Amino acid sequence: MAKQVHQPREDAEFDFILEMSGVPVLAYFTGTWPKAIEPCRAMDLVVGGIADEYAGRLTVVRTDITRCPAATKRYEVTGAPSYVLLKDREAVAHGAGPMSTTEIRELLDGHL
């Protein structure tokens with residue numbers, strides 16, 4: 001995972017990152033249950049590359065669903081991997097499942 005990717009340990013830390021970010025936030029929701037582990041692990045490299053590519057224009061937050069249940073509920077995340085693009089803490093775009101770098105760029109580019 002790229003060093004530009006934040007990994008909050010709890011909802012309060014997730015909220016702090018959102019509050020402190022001066023740019024839009026891509027919340028990348030992951031899971032640790034058996035069916036989610038492999039797809040999320042595969043997406044770590046893609047999302048890490050996005051974090052590097054969009055550094056300075058986007059904050060990326062890798063969010064474990066079990067560690068941040070309030071954020072998961074607030075942004076209506078129902079599975080992992082899932083992606084929520086936030087501007088001023090409001091969801092402006094959603095994605096779910098394994099996505100290519102191109103698909104994630106398309107999710108982001110209309111909003112950045």
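Residues are numbered from 1 along each chain as its sequence is written, and side-chain values use heavy atoms, with hydrogens and water left out. Because the model is predicted, local features need pLDDT of at least 70 and side-chain atom pairs count only at pLDDT 80 or more, whereas totals for chains, interfaces and linings use all residues.

Five strands form an open sheet of mixed pairing, in the order 1-3-2-4-5; strands are DSSP runs of E with at least two residues, helices are runs of H or I with at least four residues, and both are numbered from the N terminus. Two strands are taken to pair if DSSP finds at least two bridges between them. Strand 1 (5-6) and strand 5 (90-96) stand at the edges, and each has a single partner strand, so one side of each is left without a neighbour in the sheet. Strand 1 runs parallel to strand 3, to which two bridges join it, and Val-5 has Val-60 in strand 3 as its bridge partner.

Helix 2 lies across strand 1, strand 2, strand 3 and strand 4, and runs at about 170 degrees to strand 2. Helix 4 also packs on the sheet, where it touches strand 2, strand 4 and strand 5, and its direction makes about 25 degrees with that of strand 4. These angles, which run from 0 to 180 degrees, are taken between the N-to-C directions of axes fitted to C-alpha atoms, for helices over the stretch in contact; contact means heavy atoms within 4.5 Å.

The largest nonpolar core has 35 residues, of which Phe-14, Leu-26, Phe-29, Tyr-83 and Ile-104 touch the most other members. Such a core is a set of buried Ala, Val, Leu, Ile, Met, Phe, Trp, Tyr and Cys residues joined through side-chain atoms within 4.5 Å, where buried means under 20% relative accessible area, exposed over 50% and partly exposed in between, with a 1.4 Å probe and protein chains only. At least two residues of this core come from each of helix 1 (11-20), strand 2 (25-30), helix 2 (34-53), strand 3 (59-64), strand 4 (82-87) and helix 4 (101-109); helix 2 gives the most, with seven residues.

Three aromatic pairs are found in a search of the whole structure. Rings of Phe, Tyr and Trp (its six-membered ring) pair if their centres lie within 6.5 Å, and planes under 30 degrees apart count as stacked, over 60 as edge-to-face and the rest as tilted. The pair of Phe-14 and Phe-29 is tilted, at 6.3 Å centre to centre and 45 degrees between the planes, and it links helix 1, which holds Phe-14, with strand 2, which holds Phe-29, 15 residues apart. Phe-14 counts as buried because its relative accessibility is 0%, and Phe-29, at 0%, counts as buried too. The rings of Tyr-28 and Tyr-83 are stacked, because their centres are 5.8 Å apart and their planes stand at 5 degrees. Tyr-28 lies in strand 2 and Tyr-83 in strand 4, so this pair ties together parts that are 55 residues apart in sequence. Ring pairs also link Phe-14, Phe-29 and Tyr-75 into a cluster.

Ile-17 is placed in helix 1 and counts as buried at 11% relative accessibility. Beyond its neighbours within four places in sequence, Ile-17 is in contact with His-6, Pro-8, Thr-59 and Val-61.
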